[in-house]
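I opened this structure for the first time today. These are my notes, in the order I looked things up.

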Amino acid sequence: AYVKPTQDMYVSTNSQDVQPDGTVVLPYLKRWRHPNSDMNSLLQAMSEAFSRSPPVYSGGANRSSQPPT
């Protein structure tokens, strides 16, 4: 799974759940096993993780080359 930010957004460099290239790295994905794993559970895990720590941020109109810390 990947996060693809819009043109005015950036992947957070502080995210533990998304790598800088947008790859989602969640325990649920590491434990994914067919047929026991499903998309609904993946979306639930992503929603919970991204609610705790949003993986993207807005660069705004005057975006800088450095992400916020």
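**A tyrosine under cover**

I began with Tyr28, which counts as buried because its relative accessibility is 16%, and the cut-off for buried is under 20%. I keep in mind throughout that this is a predicted model.

I then searched the whole structure for aromatic pairs and got 2. In one of them Tyr28 is paired with Trp32, edge-to-face, with 5.8 Å from centre to centre and 90° between the planes.

**Overall layout**

I went back to the chain as a whole. I counted 2 helices and 2 strands, and from the N terminus on I read their order as β-α-α-β. The chain has 69 residues, and 29% of them count as buried. I noted an accessible surface of about 5300 Å², with 51% of that belonging to carbon and sulfur atoms.

I also looked at how far along the sequence the contacts reach. Taking contacts between residues at least 6 apart in sequence, I found that 48% join residues at least 24 apart.

**Confidence**

I checked the pLDDT next. The chain average is 87, and 86% of the residues score at least 70. Confidence is highest in H2, at a mean of 95, and lowest in S2, at 91.

**The core**

Which residues make up the largest nonpolar core? I listed 11 in all: Val3, Val11, Val18, Val24, Leu26, Tyr28, Leu42, Ala45, Met46, Ala49 and Phe50. H2 gives the most to this core, with 5 residues.

**Thr23**

I located Thr23 in the loop between strand S1 (9-11) and H1. Thr23 counts as buried because its relative accessibility is 16%. Its side chain makes a polar contact of 2.8 Å with the side chain of Asp21. Setting aside neighbours within four places in sequence, I found Thr23 in contact with Ala1, Tyr2, Asp17 and Val18.

**Two prolines**

I looked at Pro35 in the loop between helix H1 (27-30) and H2.

Where is Pro54? I found Pro54 in the loop between helix H2 (39-52) and strand S2 (56-58). I marked Pro54 as exposed because its relative accessibility is 51%, and exposed means over 50%. Pro54 and Ser15 are 39 residues apart in sequence, yet I read 7.4 Å between their C-alpha atoms.

**Across the chain**

My last entry is on Tyr10, in strand S1. Tyr10 counts as partly exposed because its relative accessibility is 25%. How far apart are the C-alpha atoms of Tyr10 and Tyr57? I read a separation of 5.4 Å, for residues 47 apart along the chain.

Methods: Residues are numbered from 1 along each chain as its sequence is written. This is a predicted model: local features need pLDDT of at least 70, side-chain atom pairs count only at pLDDT 80 or more; totals for chains, interfaces and linings use all residues. Side-chain values use heavy atoms; hydrogens and water are left out. Helices (H or I, at least four residues) and strands (E, at least two) are DSSP runs, numbered from the N terminus. Buried means under 20% relative accessible area, exposed over 50%, partly exposed in between (1.4 Å probe, protein chains only). Rings of Phe, Tyr and Trp (its six-membered ring) pair if their centres lie within 6.5 Å; planes under 30 degrees apart count as stacked, over 60 as edge-to-face and the rest as tilted. A nonpolar core is a set of buried Ala, Val, Leu, Ile, Met, Phe, Trp, Tyr and Cys residues joined through side-chain atoms within 4.5 Å. pLDDT is the predictor's confidence in each residue, from 0 to 100. Contact means heavy atoms within 4.5 Å. Accessible areas come from the Shrake-Rupley method with a 1.4 Å probe; for residues, only the protein chains shown count as cover. A polar contact is a pair of N or O atoms within 3.5 Å; within protein, one must be able to donate a hydrogen and the other to accept it, and residues adjacent in sequence count only if both atoms are side-chain atoms.
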